[in-house]
Amino acid sequence: MTRFFREDHHFQTLETEILPDLIQRVRQGGRARIWSAGCSTGEEPYSIAIRLLEAMPDAGKFDIRILGTDIDRNVVAHARDGQYVNVDETHLPRPLRERYFTRADGPPGALQVAPDVRALVSMAELNLLKDWPMKGPFDVIFCRNVVIYFDAETQARLWTRFADILAPGGRLFLGHSERVNTNAEPRLKPGGITQYTRV
């Protein structure tokens with residue numbers, strides 16, 4: 001089950017090791033792209049956007065975008081709506097709730113993602129096994145607890161495709177039980193707990 005800031009060590013890496021360089025680049029006129037592949041109902045890409053805004057409150061003024069994709073049109077529609085109920089405060093502390101969410105119409109306690117967060121994120125339907133319309137390159141890809149459901153041959157193809165669309169030095173984050181296979185290891189170097197860097 002997805003939630004905000006799931007596997008928080010990845011978001012800590014994003015905050016401390018990745019965002020400083022990306023922010024410097026976009027402030028100098030460059031661009032940055034982050035992809036949440038298999039984003040489900042949107043908690044992951046919105047978590048990325050919140051981390052970005054914490055580090056760069058004026059991020060919306062620059063060429064930095066987050067893409068969330070999923071094969072299921074219903075969960076993509078939910079993600080676009082950006083409304084959530086029963087959000088565990090353990091994973092989304094009160095200061096972040098107050099800064100990046102508003103009260104939503106609907107069930108008691110329903111939260112609506114704030115406009116500045118939503119403005120950074122685009123949601124789209126995408127089947128990872130078919131053609132990808134995005135040209136990239138991406139600086140960061142989150143694809144967690146998705147590839148584990150495919151057979152070994154399909155996994156190997158996906159690792160290669162992710163490497164192809166990652167920028168040199170870009171980072172790939174996987175789920176806690178996923179590992180890149182040996183075919184992709186020359187291009188995706190382990191760099192932390194379930195994370196890889198594009199060589």
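**Salt bridges, a helix and a sheet**

Biologist: Which residue forms a salt bridge with Glu 17?

Modeller: A salt bridge puts a side-chain nitrogen of Lys or Arg within 4 Å of a carboxyl oxygen of Asp or Glu. For Glu 17, the closest N and O atoms are 3.4 Å apart. The partner is Arg 171.

Biologist: What pLDDT do local features need in this model?

Modeller: Numbering starts at 1 along each chain as its sequence is written, and side-chain values use heavy atoms, with hydrogens and water left out. The model is predicted: totals for chains, interfaces and linings use all residues, side-chain atom pairs count only at pLDDT 80 or more, and local features need at least 70.

Biologist: How many residues apart are Glu 17 and Arg 171?

Modeller: Helices (H or I, at least four residues) and strands (E, at least two) are DSSP runs, numbered from the N terminus. Glu 17 sits in helix H1 (residues 8–27), Arg 171 in strand E8 (residues 166–174). The pair links distant parts of the chain, and the number of residues apart is 154.

Biologist: Is Arg 171 buried or exposed?

Modeller: Buried means under 20% relative accessible area, exposed over 50%, partly exposed in between (1.4 Å probe, protein chains only). Glu 17, at 45%, counts as partly exposed. Arg 171 has 12%, so it is buried.

Biologist: What separates Arg 157 and Glu 153 in helix H6?

Modeller: They form a salt bridge, with the closest N and O atoms 3.4 Å apart. Arg 157 is partly exposed at 46%, while Glu 153 is exposed at 57%. Both lie in H6 (residues 152–165), 4 residues apart, so the separation is about one helical turn.

Biologist: How many residues of H2 are buried?

Modeller: H2 (residues 43–55) reaches 18 Å from its first C-alpha to its last. The buried residues include Tyr 46, Ile 50 and Arg 51. H2 is largely enclosed by the rest of the structure, because of its 13 residues the buried ones number 11.

Biologist: Which residue in E5 is the bridge partner of Arg 103?

Modeller: Strands pair if DSSP finds at least two bridges between them. Strand E5 (residues 111–113) and E4 pair in the antiparallel sense over 3 bridges. The partner of Arg 103 is Leu 111.

Definitions and conventions. The expected span of a helix is 1.5 Å times one less than its number of residues.
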